[in-house]
Amino acid sequence: MVTVSMKKKNPGKTMNTIKRPNRFWDTFRRIFKTPSAKLGGILLAIIVMVSIFAPLIAPYDPFAMDYSAMHAPSSLKHLCGTDDLGRDILSRLIYGGRYSLTLGILADLIGQIVGIAIGSIAGYFGGRTDNIIMRILDIWQALPSMLLTIILSAVLGAGFFNTIIALSIGGIPRGARMTRGQILAERGKEYLEAAQSINCSSTTIMFTHLLPNVISPSIVSATMQVGGTITMAAGLSYLGLGIQPPTPEWGAMLSEGTQLMRSYPHVIFWPGLTIGICVLAINLIGDGLRDALDPKLRN
């Protein structure tokens, strides 16, 4: 008689060998799946690296003044020319990336995070909660965004961090209204009823099931506002309420150059071009991030 030994398989071991894909790396891979997102990532990476290693890359001290080379055009000595005090524009642009990127991205990020949280609460709970929040936002938006930012800057005082707070507060209502509108459109979907049927908490439903399906427009809106935030910061600097001279900041350089744009267009051209390239790069990454986070656009 031939005996056949049968080994029982361990189902638990088989289940443990199945690895779930890492959500972070899966999202990262989806972001740079398109050529436009790759281009944006490369441009932004270059800008960030140049800003980080500014002391090693900048040809001159951004604060050094040379009165014998005021308003000098682009040349081999000064690739982007000099400003009205003889300071090298290229060096100031390289150092200015530290301030402008942090100012624009951080202010929008804070405003969007707070706005998304407020909009999620208003859209999900509805009723009296929604009415109270929306009326507060109506009062909030009664003042123009720039005027509200000026008032807050005057109250808080000039400075880098105070400027971030003032700019972020002005962007909260925009993110809150957009998130609320998206949640109202999604609130009656079947997957939310299924989550409620298994006794998921309201916090879990809002931030785990509902928010990932409505956050894409907020991300795109946030990326498009970075350039506007930098320009608004330039306006504050022009009024003496934002970044104070002689700090090199793209928006402030653009604001200072407007008085010389007819006689010396290079003073305003290079800061404007730098802001445009930076905003383009962030927008391209934002489009890729939207495609990666939206379940309807996933392959």
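## Basis of the model

Helices here are DSSP runs (H or I, at least four residues), and strands are DSSP runs too (E, at least two); both are numbered from the N terminus. This is a predicted model: local features need pLDDT of at least 70, side-chain atom pairs count only at pLDDT 80 or more, and totals for chains, interfaces and linings use all residues. Residues are numbered from 1 along each chain as its sequence is written, and side-chain values use heavy atoms, with hydrogens and water left out.

## A nonpolar surface patch

V48, M49, I52, F53, L56 and I57 make a nonpolar surface patch of about 560 Å². Patch residues have over 30% relative accessible area and no salt bridge; like charges are joined within 9 Å, nonpolar side chains (Val, Leu, Ile, Met, Phe, Trp, Tyr) within 5 Å. Areas come from the Shrake-Rupley method with a 1.4 Å probe, and for residues only the protein chains shown count as cover. A salt bridge is a side-chain nitrogen of Lys or Arg within 4 Å of a carboxyl oxygen of Asp or Glu.

Two elements give two or more residues each: α3 (35–52) and α4 (54–57). α3 gives the most, with three residues. L56 lies in helix α4.

## From α4 to α5

H71 sits in the loop between α4 and α5 (89–125). H71 has a positive phi of about 60°, although it is not a glycine. Most residues other than glycine have a negative phi.

L90 is in helix α5. L90 and H78 are 12 residues apart in sequence, and their C-alpha atoms are 7.4 Å apart in space. Leaving aside neighbours within four places in sequence, L90 is in contact (heavy atoms within 4.5 Å) with P59, L79 and C80.

## Helix α6 against α9

α6 (residues 127–140) and α9 (residues 172–186) pack at an angle of about 145°, with axes 10 Å apart. Axes are lines fitted to C-alpha atoms, for helices over the stretch in contact; angles run from 0 to 180 degrees between N-to-C directions. From α6 come D130, M134, L137, D138 and W140; from α9 come I172, P173, A176, R177 and R180. The contact has six nonpolar, no polar and four charged residues. Ala, Val, Leu, Ile, Met, Phe, Trp, Tyr, Cys and Pro count as nonpolar, Asp, Glu, Lys and Arg as charged, and the others, Gly among them, as polar.

## Helix α7 against α8

α7 (residues 145–156) and α8 (residues 160–170) pack at an angle of about 145°, with axes 9 Å apart. α7 brings S145, L148, T149, L152, S153 and L156; α8 brings N162, I165, A166, L167, I169 and G170. This contact has seven nonpolar, five polar and no charged residues.
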